[in-house]
Amino acid sequence: MGTAIYTGVTGLQAHQRRIDVVANNIANVNTTGYRGSRVVFQDLFSQTIEGARGPDGSFGGTNPSEVGLGVRIASIDVNHVQGSLVTTGVSSDLAIQGSGFFVLSDGTGNTYTRDGSFALNANGVLVDPATGMSVQGYMADGAGNIDTNTAVGNITIPVGGAAIVRSTENANLQGNLNSSVAAGTSVERMMTVYDSQGTPREVTMTFTMRDPVTVGGAERNAWDWSATYTDGSVPPVVSNVGSGTVLFDTEGAMVAEGTMSGAAFTARAADAPEIAITNAQLGPQAAYPNDPFEFNVQFNNVTNLVANSDVTVSSQDGYPRGTLSSFNIGKGGVINGVFTNGLTAVLGQVAVANFSNVGGLSREGNNMFRETAGSGVPQIGLASEGGRGQVSGGVLEGSNVDLGTEFSNLIVTQRGFQANARTITTADTLMQETVNLVR
């Protein structure tokens, strides 16, 4: 009877611990990135009353007679099943779909979390605002390239601080030059381009009709063009920064661009207007005296028809100075910066860690885990590589706790606790009756 009481006590203790785990799961049903736990029971060793005996002649043998001595908790496992994803629209919110953890650092060590509710601090560093720990990842170089061979570090997104410019490399002309005008008629168009400092440069394109030119036995309409640049000095200096001649066929399509030497025309390429490009050098820049500013002008979309001259600059790929106004985190955790001048640039990429045994991680509170000898060392890299899951921006992962399952476990655990309590009271009653035998 004393054994029954102690056995019942082990049942009470085990079920009490299971209720603790179930209660914690229910309490965290709305915790971002939370991983529920489960309790696994095992029986304790048994007391052998009579051992087993094997067959012997006509004796068939007997099985052992054993009395169990209770139950114990074998393990409390963390369930790392994927939680549901919820769209938040917050650019700094992240979620992992699949395996892996975000890496957080306090400067001395790393912890790991599925909770991607991050934000920028006063220095533009991406952090976990609940703990102040920095999110780890890779920063891009000036060309937007990510080098994963470098060690992970803090991710800085200097909204309002970073600036970006792009110097003009190509400008495209389109429109018409009136083929019916007299030789010597000129058309002027202003073109704005940008140097490597983002400074606008105003270039004047002048087209002048000339007498037809015979090339290869065919007569071609011809227009001379020149590009001039007026600097900001006083008095201003006007520089010729490019010139040439463009030829058109009888249907008004451009056939070549090149130079005239007397009556002879030399094409830059054999009747290939798509590569008819000229360099216009606007002279050394003040900040970079050895860095001349050059860009290409393409004429192949210009026509020569009997219609008003409306040639204009259709596009140019330069941009003035712009500051970082916002950012978004796209597929794979790539951080894209959006600048006030319309440019976008890759700023960095969030790192993801995976483990050989995620069940071996130790809970640290604050939705964080820490590596242990049982988990193995973290394999840190990019999302969608090496078994790591996909990272999405503007999304958070919810708790993976299922309330229906937890309430069922709560009922079963409650009944198990009650049954073990009845075992103790029943054994106590039997002991009391035994004591009453002497009365």
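Modeller: Buried means under 20% relative accessible area, exposed means over 50%, and partly exposed lies in between, with a 1.4 Å probe and protein chains only. This is a predicted model, where local features need pLDDT of at least 70, side-chain atom pairs count only at pLDDT 80 or more, and totals for chains, interfaces and linings use all residues. Residues are numbered from 1 along each chain as its sequence is written, and side-chain values use heavy atoms, with hydrogens and water left out.

Biologist: Are F101 and F355 buried or exposed?

Modeller: F101 is buried, and F355 is too.

Biologist: How many aromatic pairs does the structure hold?

Modeller: There are 6 aromatic pairs. Rings of Phe, Tyr and Trp (its six-membered ring) pair if their centres lie within 6.5 Å; planes under 30 degrees apart are stacked, over 60 edge-to-face, the rest tilted.

Biologist: Why is the pair of F101 and F355 called edge-to-face?

Modeller: The ring centres are 6.1 Å apart and the planes stand at 70°, so the pair is edge-to-face.

Biologist: Where in the chain do F101 and F355 lie?

Modeller: F101 is in strand β7 (residues 101-105). F355 is in the loop between β27 (352-354) and β28 (362-365). The pair links distant parts of the chain, 254 residues apart. Helices (H or I, at least four residues) and strands (E, at least two) are DSSP runs, numbered from the N terminus.

Biologist: What makes F101 and F369 an aromatic pair that is edge-to-face?

Modeller: Their centres are 5.7 Å apart, with 65° between the planes. F369 sits in strand β29 (residues 368-370), 268 residues from F101. F369 is buried, as is F101.

Biologist: Which residues form one aromatic cluster?

Modeller: F101, Y112, F355 and F369.

Biologist: Why are α1 and α2 called roughly antiparallel?

Modeller: The axes of helix α1 (residues 2-27) and helix α2 (residues 403-436) come within 8 Å and cross at roughly 160°. Axes are lines fitted to C-alpha atoms, for helices over the stretch in contact, and angles run from 0 to 180 degrees between N-to-C directions. Angles under 35 degrees count as roughly parallel, over 145 as roughly antiparallel, 65 to 115 as roughly perpendicular and the rest as oblique. The two helices are therefore roughly antiparallel.

Biologist: Where is T434, and why is T434 called partly exposed?

Modeller: T434 is in helix α2. Its relative accessible area is 40%, so T434 is partly exposed.
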